Structure formats: structure tokens, C-alpha cells
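Dear colleague,

Please find the structure below, handed over for your review. My notes on its sheets, helices and pocket follow.

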Amino acid sequence: MARTDIIVTGYFYADGGAMFGTVPKSAWCRKYPSNAGNGCVLAMKSLLILSDSGQKIWVDTGCGHKHPERLSYYRFFGLKGIRAALAEKGIRPEEITDVVLTHLHFDHCGGCTHEHGDGPSMTFPHARHWVSRKQWENFCHPNALEKGSFFDEDMRPVANTGQLSLLETDLSLAPDVRLMLYDGHTPGQIAPCIQTGNETIVFAGDVIPLIAHVSPAWISAYDVEPLRSYEAKSKLLELAVLGKQRIVYCHDAYSRSSLVKKTDTGLFLPVRGSIIKEENPPI
């Protein structure tokens with residue numbers, strides 16, 4: 001069974017209205033804090049997976065250090081380099097065998113490359129980088145709403161080195177790691193499902209970015225296809241309830257993960273006693 005470790009690579013501010021879409025602030029403010037300017041602090045979480053197969057897998061890479069000045073609106077802070085994070089675990093980037101990218105928005109894949117000399121260089125020089133074919137096609141030919149979220153320097157070097165692997169269906173990356181595909185927020189998101197010694201963990205990415213988004217109807221304004229988001233969240237949640245899977249909330253700065261339940265009336269809720277809080281939230 002795999003061993004996992006969640007690493008926070010930094011934080012940024014997103015507008016609360018954008019994060020919760022049609023949900024009024026009078027409702028979402030009870031579940032997620034914001035400042036006087038309506039800004040919500042979001043985390044950028046990565047997941048290190050040490051599989052029984054010997055594979056060392058890294059999930060999502062945060063924004064990296066190439067874009068913060070260009071994207072000053074998001075007020076990035078507390079950025080942590082991947083090399084430093086791995087060094088704390090006694091692992092070198094060269095040892096990572098696989099990188100799984102839930103999707104290719106800058107805050108999930110920016111750390112795949114870093115500035116080195118005349119241009120971007122690979123952070124994980126020997127790793128296969130797994131992306132869904134739908135998401136790669138969306139990256140190459142973005143729609144008007146997502147165009148500003150993609151940067152060539154994050155992923156073109158990966159493709160140019162031949163280290164990009166495109167996923168078309170759900171796939172077992174290792175005996176204890178399965179990659180599941182979901183649409184909605186953006187086409188072809190990957191949600192890794194990891195079997196550990198004690199439980200199954202689902203890194204939900206932006207299918208369910210915050211614990212406050214557990215309700216399928218609480219959909220971010222960043223989601224390009226809200227109805228597909230509703231369907232994807234419902235599917236992921238049904239599987240999580242059935243398999244007693246723990247969901248990791250990749251953008252939640254205050255809650256790390258939880259189990260979920262379905263009530264007799266059909267509502268999905270976090271299981272209160274199962275919620276793991278972040279030990280050092282930013283505010």
C-alpha cells in the first residue's frame with residue numbers, strides 16, 4: 001500500500017464571489033473566511049505518493065516561481081520550492097518517476113518547469129508527466145474563458161522532451177494508484193485515487209477544491225461547464241461514500257481532508273469527526 005504526504009507549495013487570494021458562483025455570501029461566509037475585500041486565501045497543495053511498486057509520484061506542482069509578478073492580482077505568498085520540499089523528505093527531483101497533473105491551469109502545473117539560464121528547465125527531468133488528452137487539447141486550443149489560465153512555458157518543455165503522457169480513460173498508474181477522469185471545471189481533470197495502508201485517499205483537485213464545495217450545487221464561477229461540474233462532483237462523492245474514501249481538498253487553506261456521507265434526504269456532507277484541519281493555516 002502507498003504512503004502519501006501532502007505538501008503546501010504556497011497560497012494566493014481568490015475572490016469569494018468567483019469561488020462560490022451563485023451561492024450568496026451570506027451562505028458561503030459561514031463555511032469559508034474572507035477578508036474585507038472579499039478575498040479568500042487558497043492553498044496550493046501537492047501530493048507525494050510513494051507506491052509499493054517503487055514509483056515516486058508527485059501530484060500537481062503549484063504555480064512555481066515564474067508567474068507571480070505577472071499574476072499580481074492573486075497576491076501569492078508563502079511560496080515553497082519543490083526542490084526544497086523534496087529535500088525535506090530526503091528525495092531528489094531526479095528520483096520522481098511520475099508527475100500527475102489534475103489539470104493545466106497555472107496554479108496546478110506552473111512548477112513543472114523553472115527558470116534556468118535562457119529559458120524554462122524541467123523540474124522533474126526523468127518523470128513521465130500525466131495529463132488527460134482532453135485537457136492537453138484544451139491547453140493547446142483554449143477557449144476564451146480559460147485562455148488566461150494557461151502558459152506555454154509551464155508545459156511546452158514537457159512535451160518537447162517527450163515526457164508527456166496523455167490519458168484517454170481511467171488508468172491504474174500503479175497497483176495502489178488509479179487515475180480517474182472528471183469534467184466540469186475544465187475538460188478532463190484527473191483525480192488520483194490512492195490506496196494506503198489505512199484508507200483510500202482521493203486528491204480531488206478542482207472537482208471539489210474546498211470542503212465548503214462538498215455540496216454538488218456549490219459550484220465555482222471558474223467552472224466552464226457548471227452542469228458537468230455538478231455531475232462530476234456527484235459521481236466522485238457517490239464513490240467516496242461507497243468506498244469510505246478520504247477526500248483531500250487541494251485549495252482549502254484550513255481543512256486538509258475528510259470523509260463524506262450522504263443523508264437520507266440526498267445531501268452530501270463532510271463527516272464531522274473525520275475532518276483533518278491544517279496545523280498552520282495562513283490566517
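Strand β2 (residues 39-50) pairs with strand β3 (residues 56-59) in the antiparallel sense, over four bridges. Within this pair, Leu48 stands opposite Trp58 of β3. Please note that the model is a predicted one.

Both strands belong to an open sheet of six strands with mixed pairing, in the order β1-β2-β3-β4-β7-β8. Its edge strands are β1 (3-15) and β8, each of which pairs on one side only. From one strand to the next, the twist averages 20 degrees. Helix α5 packs on this sheet, where it touches β7 and β8, and its direction makes about 85 degrees with that of β7.

**Helix α5**

Which residues of α5 are buried? In this helix, which spans residues 133-140, they are Gln135, Trp136, Asn138 and Phe139. These four cover an arc of only 160 degrees around the axis, which puts them on the same side of α5. As a general point, an α-helix has 3.6 residues a turn, so residues three or four places apart point the same way. The buried residues of α5 pack against β7 (128-132) and β8 (164-167) and also against helix α6 (152-160).

**The seven-stranded sheet**

A further open sheet, of seven strands, also has mixed pairing; its order is β9-β10-β11-β12-β13-β14-β17. At its edges stand β9 (171-174) and β17 (276-277); each has a single partner strand, so one side of each is left without a neighbour in the sheet.

Within this sheet, strand β10 (residues 177-182) and strand β11 (residues 189-195) pair in the antiparallel sense over six bridges. Here Val177 stands opposite Ile194 in β11. Helix α7 lies across β10, β11, β12 (200-203) and β13 (246-248), and runs at about 150 degrees to β10.

**The largest pocket**

The largest pocket holds about 500 Å³ of space. Its lining consists of 25 residues, and those nearest the centre are Lys31, Ile211, Val214, Leu269 and Pro270. The elements that give two or more residues to this lining are α7 (226-243) and β16 (268-270).

With kind regards

Note on methods
Residues numbered from 1 in each chain as written. Predicted model: local features only at pLDDT ≥ 70, side-chain atom pairs only at ≥ 80, totals over all residues. Heavy atoms only, no water. Buried < 20%, exposed > 50% of the residue type's maximum accessible area, 1.4 Å probe, protein only. Arc of directions from axis to C-beta. Contact = heavy atoms within 4.5 Å. Pairing = 2+ DSSP bridges. Axes fitted to C-alpha atoms, helices over the stretch in contact; angles between N-to-C directions. 1 Å grid on protein atoms, 1.4 Å probe; cavity = no way out; pocket = protein on both sides within 12 Å on 5 of 7 lines; lining within 4 Å. Points joined across faces, edges and corners; volume = space filled by probe spheres on them.
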